Amino acid sequence: MIYKNLLRGIISAFLFLQIFSVGAQNADQKWSLGFHGALIEPQSSLGSQFYDFTINSTTFGQGLSLNHYLNKSFDLGLFGVAGKMAQSKGAYNYNDLVFALDLRLRYKLYNGYLLNEEAIIGPYITGGVGGAHGTVDALGKSEGRLKDGINQLDLYAGAGIRFRVNEYISLDWQTGVHMPSDNKWDANTEGVKDQFLEHSLGFILNLGEGKDSDGDGVSDRHDKCPNTPAGVKVNEEDGCPLDRDKDGVADYQDDCPDLAGIPALKGCPDKDGDGVADKEDRCPDVAGLMNLGGCPDADADGVADLDDKCPNTKAG
């Protein structure tokens, strides 16, 4: 029942995020804040419950993370998790509260080399070092009853997947193992090294706004035309001015925005190729002279054939 309710909650949250997602371009955000729910599975001399996922062996926890974008391949962040570890075997048992805070370096496979940076599904690997604190209540084989607070060095290694919802929001699934330096969690320093596995699902908020030099609503990172004049309408995907007729001349500079033309004539067509735009050419279907409005002058007497009553006058 617990897992069914958890699954329903995850699906409901995902649908909520999809409904209220925002499409603005803010990819230059350097910081993110995460809120995580965790499943914690221990391993000790009493046995291993790694990847068990049963109610009797799994305990729940919660975590917070703060991450900073370093470059396309690496992020650096702090991740804190608090939870509980419990195991029992015959007369031996422990029931510990645990808190771990680690500085983690993340290598992203969605770095533009393997997968696109904007990929919806972004896998990564991560590792780090920090500290672990435990409030230990254990009855072990070698030390007997142990009630104590312990502070240890903590090594962490794991992997995860980022699910991108939009520029502001993502979901994060991560699985990793905590390897504390001491072996007292179960009051037994013999046998298997005490460790605990952390599975976490996080809701990640990207903080800040991307730089937008020309103020067109497209961040510089995505803007292929970062110096567009103010007030010019642009394509939301690449930040370049609109070009309805696709002739390479932006609409705001195009004298014929709905007819494909040539840049030399400010985007207007010239069917006869005489250098006079069709809209100004008195003879648009016949190549002519620019000084005669695009019309030919067969006898070269300075009068366009269109107006020449004696079009065959001898030269001179």
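Okay, let's start with the disulfide between Cys 225 and Cys 240, where the S to S distance is 2.0 Å. When I say disulfide, I mean a pair of cysteine sulfur atoms within 2.5 Å. Cys 225 and Cys 240 link distant parts of the chain, 15 residues apart, and both sit in the segment after S9. A quick word on that label: strands are DSSP runs of E with at least two residues, numbered from the N terminus.

Before I go on, this is a predicted model, where local features need pLDDT of at least 70 and side-chain atom pairs count only at pLDDT 80 or more, while totals for chains, interfaces and linings use all residues. Residues are numbered from 1 along each chain as its sequence is written, and side-chain values use heavy atoms, with hydrogens and water left out.

Back to our pair. Which hand does the disulfide of Cys 225 and Cys 240 have? The torsion about the S-S bond is about 80°, so this disulfide is right-handed. For accessibility, buried means under 20% relative accessible area, exposed means over 50%, and partly exposed is in between, using a 1.4 Å probe and protein chains only. Cys 225 comes out at 24%, so Cys 225 is partly exposed. Cys 240 has a relative accessible area of 15%, so Cys 240 is buried.

How many disulfides are there by this rule? The count comes to three. Another one joins Cys 256 to Cys 268, S to S 1.9 Å. The angle about that S-S bond is 85°, and the link of Cys 256 and Cys 268 is right-handed. These two cysteines are twelve residues apart, both in the segment after S9, and they link distant parts of the chain. Cys 256 is at 9% relative accessibility, so Cys 256 counts as buried, and Cys 268 is buried at 1%.

Then there's Cys 283 with Cys 295, their sulfur atoms 1.8 Å apart. Here the torsion is about 90°, so once again we have a right-handed disulfide. Both cysteines lie in the segment after S9, so the pair ties together parts that are twelve residues apart in sequence. Cys 283 and Cys 295 are buried.

If you number the bonded cysteines of the protein chain in sequence order, the pairing reads 1-2, 3-4, 5-6. And while we're on cysteines, Cys 310 is at 48% relative accessibility, so Cys 310 counts as partly exposed.

Okay, on to the strands. Two strands pair if DSSP finds at least two bridges between them. Strand S1, residues 31-44, runs antiparallel to strand S3, residues 59-69, and ten bridges join them. Have a look at Leu 39, which stands opposite Phe 60 in S3. S3 also pairs with strand S4, residues 74-89, again in the antiparallel sense, over eight bridges. Gly 63 has Val 81 in S4 as its bridge partner. What joins S3 to S4? That's a hairpin, through four residues.

Last stop, His 199, which is in strand S9, residues 195-207. Is His 199 buried or exposed? His 199 is buried, because its relative accessible area is 1%. The side chains of His 199 and Glu 41 are joined by a polar contact of 2.9 Å. A polar contact here is a pair of N or O atoms within 3.5 Å; within protein, one must be able to donate a hydrogen and the other to accept it, and residues adjacent in sequence count only if both atoms are side-chain atoms.
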